[in-house]
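Welcome! Please take a moment to look over the sequence and the model before reading on.

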Amino acid sequence: MPYLSGKETVKELRRALSNPNIQSDPLRYRNTVLKVIRAMSQGVDVSDLFSEMVKACATVDVVQKKLVYVFLCCYAHLNPELSLLVVNTLRKDCLDPNPMVRSLALRSMTNLRLPSLVEYVEQPLTAGLRDRAACVRRVAVLGWAKLHNLQPGSEIDGAVVNELYSLLRDPDPVVMVNCLRALEEVLKDEGGVVINKPITHHLLNRLKECDTWGQSEVLRVLQRYRPQSEDELFDILSLLDSSLVSPHPPVMAATLSLFLSLCSILPAVSQAALERVRGPLLAACGSGSREMRFTALCHIQLLLRSIPGLLGEHYKRFFCSYAEPAYIKRRKMQVLVELVNDENVVMILDELKGYCTDVNTDTAQTAISAIGRIGRSYSDKCLEILTGLLGLKQDQITSAVVQTIRDLVWACPQCSDAVSSALEGCEEVLQDSQGRQALLWLLGAYGERISSGPYTLEVFIDGVRSETSMELKMELLTSTMRLFLCRPAETQDMLGRLLHYCIEEERDMCVRGQALLYYRLLQRGIAETRNVLQVRRSDLSMGALIGRPAEPVSQWVSSFNTLEPLKHRSVEVESTSRGSPEHLASIPKSNADLPDDLNCRQLEMVHLGSDGAAQRLGCPAGLPAPGAEPSVTLSLSPAVTPEEFERLWTQRRASRSEPAESADEGDDGTWIEDTIRCGAVPHCSPQSLHAAMQLVNIQTLAFTPSHVLPWKVFLYTHTWRADASCSTLVLGELLYAGELNPKRPAGETEGNEQTQATADGDKDVKVTLRQQPHDVSALRVFLSVLTTVLHTLSSEVESEGKVKVSLK
């Protein structure tokens, strides 16, 4: 047919459909109908041909029937009155001897989507449920779901529901699965299909007969069932065991979701199931489909939240390929950050270093941020890479590196000495506003250690008139003020010029207001200014150990095998596009699982080292026997951020300073002080201490270096009891104020220094705990675990010291 406009095409097709010569030739007639469908698929409005197409459906040609029914289903809503003319033909086709024609007619009747035709459709659908052909029963079952959606407020026919339930035992597996979907739609207001023990066992026994989609649907519905006994639970798990390692990722994911749902009270079984799916998940990560790879990576991030070392030995499977899209590379790098340990950190950092110069800017920035995240635990190796990247003198890379370094020194202030010398000359390369803002913060925070700090700031101040970023101007004001407090002689003149410009000429009210604040603050005196501007949230002698706590499976099991992991990042790599760390830290983080106030005005001071304290805890003097409280477990969820810990911990001083008579009688908060004799623990590395604590579900939030006195460690955990739904929050501080290097007697050799230090066992570590609410048995378990870990670490340090001395 020659090219014509839409109206001309419709006229030409109408003439052809009405031509008696074409109607008498079945092949030409079918081809003309095919041209109508082709024009419809190309966007031509052929709804005016509805009456001619209604006449064309009265044929014995199955192919032509299919074409005509496609047209009628598409335009029936525009011609509801003419659609009544099709009903008789469709009802007649429902009685056709050919099962294909019967199923086609039933499908077309329900796809017309006209409420006025419901009364004509119900009888053929009811007959279709009892049809001898499986293909007809499949269509009839889904037809009832479509009919219910067409009239959602209508009353549900109980006979139809019973018929659908009986078809769950249909010999055709597709009919069985379609019944589940239909019952889900029909009984949506009542909670969906009811799953009892006979239905559950029947579905499980026929699971292997279903295709991939059917198995996934059956497994999803079975999550509602709860076994009535432990024997039944393990029988169900045995039937699902083969599906857990299915080569089809949808089936494997649905099976694992059902496993975790059934084994919510059996953490050991849940962990074993997570370990078994390691192979199928890794296979899905190598799938040829990008969508499948991305989905597998997102779900792996969920699993790593509960078992951080699940895929540690397979870290090379997450190295990026050059042909992969940026969103997959980003997810792989997030997974690599979670898999870092002492054995593979060098390999992973070398791989990430290669991504830092990727042609894709987002990929390069993500790799640099990942290195900074790893630097929380391996600062020396990561700082070497980051400072080396500064030597490339590329704007995008330098900007991302400076922002990453800023975040790293905020979390780990002990890295500031190595960073200070690496920032020389960065201002000449930086063009990005976020990177320059990060550099200004570093100059203000550690400008006294950077020799060219004032001169770098002067370059920014000289160009402030042409600066368009309001955030950068405010950061410049703060950094200049901070540098003035530590290097006044070099900064006084430029600070005056900056304040004069911001107060007299600046049009932005935020910048002008901040400049006026600083000007009036300086009028109050240097001491007052220093108190305001030099208060940091992070202590220079402490560094945050940012490790991912092992969360219970129950925290994320509801989102597994859904779209939720794909929409949100389960593992956050540090963003390279935010402001100063103080601004982020000052934003309160809501956590519904943590109390807003510990209510610790009435304090119960317990000294566990004495017999009286032991009696108050309900146990004899000394440590409780291992396994005395098997019903109490430790958990790291919900996580406590450093800001939340500081807020809760600092309430101790205020509460202890109040008189006892003003305390609330209903308060159950408890403060506990104890001493543990393990003087060699302060000699162990922070990484070893952090890893050992996490093995027993105790999270270390901050620590002091081993050469600093007093030596402190801040930690927390949650205690869970099997017979209670609530948990208790335990905050703790380890304090060691003794000498780390005792004075050697005259004539003692240097080689005996380590031996003397580690053998000095009379040095005690003071333990201060805060528990809310008070739980004596849970506290005994926590103290027992903590004491065991500290004694183990102390013995290992002493053994290493003796080996070193013997080698010398």
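This report looks at aromatic ring pairs.

## About the model

This is a predicted model, where local features need pLDDT of at least 70, side-chain atom pairs count only at pLDDT 80 or more, and totals for chains, interfaces and linings use all residues. Residues are numbered from 1 along each chain as its sequence is written, and side-chain values use heavy atoms, leaving out hydrogens and water.

## Ring pairs

A pair of aromatic rings is described by the distance of the centres and the angle of the planes. Rings of Phe, Tyr and Trp (its six-membered ring) pair if their centres lie within 6.5 Å; planes under 30 degrees apart count as stacked, over 60 as edge-to-face and the rest as tilted. Searching the whole structure turns up eight aromatic pairs.

## Phe50 and Phe71

One of these pairs joins Phe50 and Phe71: it is tilted, with 6.1 Å centre to centre and 40° between the planes. Phe50 sits in helix α4 (residues 50-56) and Phe71 in helix α5 (residues 62-75), so the pair ties together parts 21 residues apart in sequence. Helices here are DSSP runs (H or I, at least four residues), numbered from the N terminus.

Phe50 is buried at 1% relative accessibility, and Phe71 is buried at 0%. Buried means under 20% relative accessible area, exposed over 50%, and partly exposed in between (1.4 Å probe, protein chains only). Ring pairs also link Phe50, Phe71 and Tyr75 into a cluster.

## Phe294 and Tyr327

Phe294 and Tyr327 form an edge-to-face pair, 5.4 Å centre to centre with 80° between the planes. Phe294 belongs to helix α18 (residues 290-304) and Tyr327 to helix α19 (residues 326-338), so this pair ties together parts 33 residues apart in sequence. Phe294 is buried at 16% relative accessible area, whereas Tyr327 is partly exposed at 35%.

Terms used
Helix = DSSP H or I, 4+ residues; strand = E, 2+ residues; numbered from the N terminus.
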